[in-house]
Every structure is written in structure tokens, then in C-alpha cells.
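Work through these exercises with the model open beside you. Try each task before you read its solution.

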Amino acid sequence: MAPDSKIERPSNVPAARVIDFDLYNPPGVAHGFHEAWQKLHAPDVPDLVWTPHNGGHWLATSGRMIAEVFADYERFSCRVMLVPKAVGEQHQMLPVVLDPPAHRPYRLLLNTSLAPKTVNGMERTIRRLAGALVEHVRATGQCDFTKEYAEILPVQIFMEMVNLPQTDVAKIKVWTDQIVHPDGSMSYHDAKQHLYDYLEPHIDARFGGDDEDVLSRIINGKVNGRELSKSEMLSLCMQMLLGGLDTVVNFLGFVLLFLARNPEHRRELIAEPALVPNAVQELLRRFPVVSLAREVRNDIEYDGVQLRQGDMVAIPTPLVGTDEQLNADALTVNFRRSSFEHATFGNGPHLCPGAHLARTEIRITIEEWLKRIPEFAIAPGAEIRFRGGLVGVVDGLPLVWEVATTQAGIAE
Ligand code: HEM
């Protein structure tokens with residue numbers, strides 16, 4: 001359970017805008033992550049509401065407003081970009097807490113490392129690992145998808161890109177989990193310190209070298225013509241770990257859950273594999289997982305209410321692509337949809353630099369899985385449970401299939 005801190009309604013918040021909503025634990029989340037968020041799209045919920053949970057903050061509920069707050073750094077700063085604000089103030093990671101123009105030079109360092117060209121060069125490695133992971137479980141007729149696939153593929157690929165030892169994954173995951181899904185067993189400060197202590201010797205070893213891995217490129221990069229300080233290096237590298245280790249892992253859980261529950265969608269992709277890239281776009285639109293926030297820069301009137309300097313506004317991406325105002329028939333998954341309005345990867349200057357990598361990993365997962373295991377379902381009797389947080393989670397996904405319906409893959 002996240003450490004919650006409730007406060008009284010401040011005088012600038014109209015009583016009619018107050019709702020009882022804890023984004024780390026949305027009401028009913030255990031039975032459906034997106035369903036729990038979707039309740040905020042009910043017609044009687046205003047576009048901008050205020051909740052006393054997590055230090056008290058505003059919460060944008062309309063897709064259009066969420067996309068606007070993401071992009072409008074002049075009114076909504078990312079100096080603090082998560083709630084509770086007291087925790088967000090400790091999360092001083094680069095480049096996420098910098099607004100333009102200071103953000104730009106740091107961001108360029110990440111863009112080079114995660115450029116589509118670099119990611120495309122990784123495609124064979126990703127496909128080989130994806131194929132091997134599916135092949136490993138195929139003949140057993142069952143698997144825990146989260147443990148045996150989703151927690152392995154993106155993490156191993158990422159560790160390869162940053163050239164950190166695969167054997168360190170388990171310990172890094174404990175610390176990143178405590179930041180993204182805190183359960184109260186470790187403070188934010190301690191989790192961050194563990195990550196810093198872990199990264200520092202790896203940074204020292206790379207500094208001044210000419211290796212091409214993602215961390216080396218960041219560490220040896222320049223900002224406004226100067227070298228980075230040690231604390232800037234640590235901060236940028238830690239944000240890469242946080243951005244890259246958890247998001248794809250969790251999103252893949254939602255993808256396979258959807259395909260397990262919807263055989264006709266699965267069969268559509270098997271009959272027409274060329275549809276897969278469009279299906280990836282559609283699944284990203286329909287099942288976003290990230291919920292962040294912004295800090296109000298100056299006193300302003302917004303959506304008919306007074307926002308005070310320093311107020312926090314939560315901007316949950318699960319409410320963007322699913323908004324009927326932005327996408328017709330928004331809750332229906334249609335692999336043939338031709339336009340996708342969403343903010344699953346954010347919007348504006350901080351738009352996710354890992355989006356191409358994420359899309360590639362999701363596409364290859366669908367292709368390699370369906371090629372070998374076309375018919376599968378959730379294990380009979382299994383109750384699928386979900387958790388909220390900065391990133392939504394499918395808490396375990398036991399899948400089953402008839403081995404006779406599977407197809408051995410061709411090793412690359
Ligand atoms: C499905 C997977 C992913 C989702 C849904 C996702 C979502 C997001 C979102 C919503 C933001 C915007 C943050 C903001 O505006 O405050 C973001 C930024 C970021 N993401 Fe991702 N991400 C994913 C995958 C990745 C991957 C694979 C990496 C790295 C390998 C990554 C690295 C980052 C970084 C470094 C930022 C900060 C960029 C900046 O501040 O300019 N993400 N991501």
C-alpha cells in the first residue's frame with residue numbers, strides 16, 4: 001500500500017469539485033485497473049476535480065485537459081512531477097524535472113541513445129530473446145506470463161542496451177519497485193540511495209571511455225558544451241532505469257490479458273499478421289498505464305476554479321485514449337482503427353524517448369507469441385488482480401493452452 005497522506009479541503013477548492021480518489025489505490029482497482037480509472041469519465045465528474053489523498057491534489061479527468069497539462073509547461077511545471085508532492089520533491093531526476101529551455105540539452109543525450117536507428121539495430125536480438133522465452137514455456141502448456149516473459153524480455157534487452165550485468169536485475173527491481181509501487185517497506189530516499197550506490201561504480205568505469213552503450217553515451221555526453229557533473233550523470237542514468245525497467249513489463253501484461261480474453265482479436269492477427277503494428281497502436285491507446293503530475297507555476301484560473309501556485313495536478317494517461325471526446329467508440333478495441341488520440345507516452349517536451357523501443361518490444365512479443373501459441377486462455381479458476389500506482393500492474397497472469405495446438409518456432 002502506498003503511503004497515503006490526506007488533508008483538509010483548502011479554501012480555493014469548491015466543495016463540488018472534491019472526490020475521494022487515491023491514485024495509488026483507485027476504488028475497485030483490484031478487479032480492473034482501467035475500469036477503476038474509467039469511473040472518472042462518468043458524466044457527473046467534472047473535467048478537473050480535487051482529492052484529499054496523497055497530500056491533496058487536483059486531478060484532470062478529461063483526455064483533452066490531461067494532454068494540455070502535459071504540454072503546457074508555462075502554466076504547469078514539471079519541477080515536481082509526481083504526487084504526493086512531498087515525495088515528488090525528492091524525485092529530482094533529470095531530465096524529467098526540467099522545463100524547456102533547460103530540459104532540451106539533457107533530452108538530446110537521451111534521444112541519441114534511444115533513436116529509432118539504434119533500436120532497429122536491436123530488432124534481431126529482441127526477436128531472438130522473445131522467441132526463446134516463448135519456446136521455453138510452449139511445450140509445458142502453461143506459464144505465469146508475468147514472471148516467465150514480461151519481467152524478463154524488456155529488462156534483459158534494457159540491461160544489454162545499458163551494458164549492466166543481467167545478474168543484477170533482481171536487486172535493481174527491488175529498488176525501482178519501491179519508487180514506482182511503494183509498499184511502505186522502504187522509504188523513497190532509501191530506494192534512491194541504493195540505486196545511486198549501485199550506479200556510481202558503473203558510471204566511474206565508463207567515464208572518459210568510448211563505449212557505445214546507452215549509459216556511456218549519456219555519461220560522456222555534453223550539455224551546453226560542458227561535461228556533466230557526477231550528480232547529473234547519476235540522475236540521468238537513474239531516470240533511464242526507472243523509465244525503461246517497469247513500463248513495458250507492465251504494459252505487456254495488459255496486452256496478453258486482452259489477447260487471452262478475446263480469441264476473435266487474436267485470430268484476426270493470426271489471419272493477417274500485417275495488422276500487428278496497427279494493433280500495437282490500438283492497444284497503447286486503449287490500455288495506458290502511467291499516472292504522473294505537474295505543479296501549478298503561478299496562481300491561475302483554470303476550468304473555472306482558482307489554482308494556487310504550488311498546487312499539484314495529477315495527469316493520468318489511462319483517461320486520455322479512453323475518452324469518447326477524443327476517440328469514437330473509445331472503449332472498443334479495433335485493430336483496424338486509423339487514428340489514435342492518446343497520451344500513453346505523454347505529450348509535449350517530455351514525450352517518452354523510449355516509445356520506439358517499447359512499440360518494437362510489444363510488436364515482437366505479439367508476433368512471436370501468436371506464431372507459437374495461437375490459442376490460449378487464462379488458467380481456469382485464476383482470479384486476475386490489479387494494482388494502481390505511477391504505473392498500473394496486472395498482478396500475475398497464469399495462462400494455459402493445449403500443447404497440440406502450438407507450433408515449434410524456428411530458431412533464428
Ligand atoms: C509502454 C512503455 C512506456 C510507457 C507507457 C512510457 C510512458 C512515458 C511517459 C508518459 C513519459 C512522460 C513523462 C512526463 O511527461 O512527465 C515518459 C518519459 C520518459 N520515458 Fe517512457 N514509457 C515507456 C517506455 C520507456 C522505455 C522503454 C524507456 C527507456 C528505455 C523510457 C524512458 C523514458 C524517459 C527517460 C523519460 C523522460 C523523458 C524526458 O523527461 O524528457 N520509457 N515515458
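**Exercise 1. Which residues come nearest to the ligand, of the 29 around it?**

Two notes on the model come before the solution. Residues are numbered from 1 along each chain as its sequence is written. The model is predicted: local features need pLDDT of at least 70, side-chain atom pairs count only at pLDDT 80 or more, and totals for chains, interfaces and linings use all residues.

Step 1. Apply the test for "near": the C-beta atom, placed from the backbone, lies within 6 Å of the molecule.
Step 2. Pick out the nearest: Gly243, Gly244, Gly346, Cys352 and Gly354.
Step 3. Find the helices. Helices (H or I, at least four residues) and strands (E, at least two) are DSSP runs, numbered from the N terminus. H4 (103-113), H12 (230-261) and H15 (355-372) each supply at least two residues of the shell. H12 gives the largest share, 7 residues.
Step 4. Sort by class. Ala, Val, Leu, Ile, Met, Phe, Trp, Tyr, Cys and Pro are nonpolar; Asp, Glu, Lys and Arg are charged; the others, Gly among them, are polar. The shell has 19 nonpolar, 9 polar and 1 charged residues.

**Exercise 2. Describe the overall build of the protein chain.**

Step 1. Count the elements: 15 helices and 14 strands.
Step 2. Check the radius of gyration (over C-alpha atoms) against the globule rule (2.2 Å times the number of residues to the power 0.38). The chain has 21 Å, close to the 22 Å the rule gives for 412 residues, so it is as compact as a globular protein of that length.
Step 3. Look at burial. A residue is buried if 20 or more other C-beta atoms lie within 10 Å of its own, exposed if 12 or fewer, and partly exposed in between; these atoms are placed from the backbone. Of the 412 residues, 44% count as buried.
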